[in-house]
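Please look over the sequence and the structure shown here, and keep both at hand while reading the briefing on charged side chains.

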Amino acid sequence: MDKLRLSYTQIDTYQRCSMKYWYRYILGIRPKGKAPRLQLGESVHAALEHYYQVDPGPRTSKMLRKYYDISFNGAKEASIEMQRTAAKEGDWEFSVKAYQQELDAEYQRGLDTLSAYYLFYEADPAIPKITTELPGEVDMGDYILVFRLDGIFRRDGDIVLLETKTQNTLDIESLEVYDTQTLLYIAALQQAGIPVETVLYNVLGLPAPAGSRYRQKAAFSRLESHRTPSEVDWALRLASNVAKAITSLKQGKTMPIPSFNKTCTWCEFRPVELVARGGGYVDTLIEEMYVRQTPSVAGQGKAVIEEEGEGQDSGS
């Protein structure tokens, strides 16, 4: 039997609700008529990813906008097509014009964020030319952790992990306290022989959407955190317990249990779960309302991470 492969998203999903994990990753279903929307954060991340692959000297606001435009516009047409397909699949009306207006508003929101970001940090010499979006997979014992790092760089002989977050609120202290994801990445890198302990949290607080009653402007904050061995060990034990529970679930030794909290109201699997709880025949409902897809793990491409050069992956 192949060893369990997990991304942090899968670990987090199981922690929040084992029933949601069951539907999404074991049954491999998604609702009809629900297509992934163009995520503003992804385009902002992509722009910064390319921006920091350049030495600080040549970095300009035009460069940052160019990378943002390439990412956003490249995903826009695909997003429109996915929405059109989802509308046909779910039998609901879709207006390309209305959706285009929505995308334009989101584009401007991202552009405003990055324009303010450049004014705040300018060429940003505090972050040198770095390796970004570095994929990897590391055997953690009970499972293989599959991941993709925002960025990693050397500074005064130390290796620093860059973690960029786009958030609606600028709560960087809570991020540090509850950030299990980065602790697992540190553990994986240490397991691979890379001595990293320091994380630079780079947080972008997004401005309020157009038409919102809030008047929040873009805001930025950074926090450098030295993660302790006890923190890393805690994250490892948590992930190991989750991996064992997922293995038991996949083998049919345990049953998934709904989390029963307020987020259930908006869960995409609420309809099928209500039928199942009432003793109904869920297979018919799944065929009517959901699409089966092959369960996947983000970052399936295998990469070997070595402590060479600027933290480049060697490929394999």
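This is a predicted model: local features need pLDDT of at least 70, side-chain atom pairs count only at pLDDT 80 or more; totals for chains, interfaces and linings use all residues.

Residues are numbered from 1 along each chain as its sequence is written, and side-chain values use heavy atoms, with hydrogens and water left out. Side chains of opposite charge can pair when their charged atoms come close.

**Count and network**
- With a salt bridge taken as a side-chain nitrogen of Lys or Arg within 4 Å of a carboxyl oxygen of Asp or Glu, the count comes to 14 salt bridges.

**A pair between strands**
- Glutamate 137 and arginine 5 form a salt bridge through their side chains, at 3.3 Å from N to O.
- Because glutamate 137 lies in strand 3 (residues 131–139) and arginine 5 in strand 1 (residues 5–7), this pair ties together parts that are 132 residues apart in sequence; strands here are DSSP runs of E with at least two residues, and helices are runs of H or I with at least four, numbered from the N terminus.
- Glutamate 137 counts as buried at 17% relative accessibility, whereas arginine 5, at 23%, counts as partly exposed (buried means under 20% relative accessible area, exposed over 50%, and partly exposed in between, with a 1.4 Å probe and protein chains only).

**Pairs within helices**
- Arginine 237 and aspartate 233 are joined by a salt bridge whose closest N and O atoms are 3.0 Å apart, and both lie in helix 8 (residues 229–250), four residues apart, about one turn of the helix.
- Salt bridges that share partners also join Lys20, Arg24 and Glu268 into one network.
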